[in-house]
Amino acid sequence: MAHTPYGYIIKNGIAFIDDKLANQVKELFHAYISGFSLVDAAKRAGIKRCHSSIAKMLTCKRYLGDAFYPPIIDEDTFKQAEAEKIKRARMLGRIREKAEPKKSLERMRFSAPSPETLYEDPFTQAEYAYSLIESEVIADGQS
């Protein structure tokens, strides 16, 4: 089994809530929702962990409870913290809206018959040759 999440203890293979640590987890969520940074919310809650560990705690769904772990955080508080995290990431430019997919360029097929008339002036010959070019739009799936 992976490590035990902060706020829980395991006794005889059963997960129990450690009341002191669980209160710190609750305080972490409430401080973060009220506007404190990750580090400041953790300090306020009395949790000494690195920035990434604190961020993971705010996204740990085990705090909602599952078949093994009893709940520490209610779903509303968890969703508020998640929304706050997304809001802050968007404000810092870490989340970008998906751009509209670019329309593909139309594929074209060109053909030109051999010139029937030959001119002495190369510019006139080129103008004539270009006038013979025919184009056709190729629909998707055609070759």
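Predicted model: local features only at pLDDT ≥ 70, side-chain atom pairs only at ≥ 80, totals over all residues.
Leaving aside residues up to four places away in sequence, Gln125 touches Pro115, Thr117, Leu118 and Tyr119. Gln125 sits in helix α5, which covers residues 122-131. Is Gln125 buried or exposed? Its relative accessibility is 17%, so Gln125 counts as buried, since the cut-off for buried is under 20%.

Together with Met108, Tyr130, Ile133 and Val137, Phe110 makes a nonpolar surface patch of about 540 Å².

Now for the whole protein. There are five helices and four strands, and from the N terminus on they run β-β-α-α-α-α-β-α-β. What radius of gyration does the protein have? The value is 33 Å, while a compact globule of 143 residues would have one near 15 Å. Taken along the principal axes, the C-alpha atoms fill a box of roughly 100 × 35 × 25 Å. Buried residues make up 25% of the 143 residues. The accessible surface comes to about 10,900 Å², and 53% of that belongs to carbon and sulfur atoms.

On to charged pairs. Side chains of opposite charge can pair when their charged atoms come close. The count here is five salt bridges, and the table shows some of them, including the pair Arg44 and Glu27.

| Salt bridge | Closest N and O atoms |
|---|---|
| Arg44 and Glu27 | 3.1 Å |
| Arg88 and Glu84 | 2.8 Å |
| Arg109 and Glu136 | 3.7 Å |

Arg44 and Glu27 form a salt bridge that links distant parts of the chain, with Arg44 in helix α2 (residues 38-45) and Glu27 in helix α1 (residues 19-33), 17 residues apart. Arg44 counts as exposed at 52% relative accessibility, whereas Glu27 is partly exposed at 28%.

Arg88 and Glu84 both lie in helix α4 (residues 75-91), four residues apart, which is about one turn of the helix. Both Arg88 and Glu84 are buried.

Arg109 and Glu136 form a salt bridge between distant parts of the chain: Arg109 is in strand β3 and Glu136 in strand β4 (residues 134-138), 27 residues apart. Arg109 is partly exposed at 32% relative accessibility, and Glu136 is partly exposed at 40%. Finally, salt bridges that share partners join Glu84, Lys87 and Arg88 into one network.

Methods. Residues numbered from 1 in each chain as written. Heavy atoms only, no water. Helix = DSSP H or I, 4+ residues; strand = E, 2+ residues; numbered from the N terminus. Buried < 20%, exposed > 50% of the residue type's maximum accessible area, 1.4 Å probe, protein only. Contact = heavy atoms within 4.5 Å. Patch = residues over 30% accessible without salt bridge, like charges linked within 9 Å, V, L, I, M, F, W, Y side chains within 5 Å. Areas by Shrake-Rupley, 256 points an atom, 1.4 Å probe, with all protein chains shown as cover. Salt bridge = Lys/Arg side-chain N within 4 Å of Asp/Glu carboxyl O. Rg over C-alpha atoms; globule rule 2.2 N^0.38 Å.
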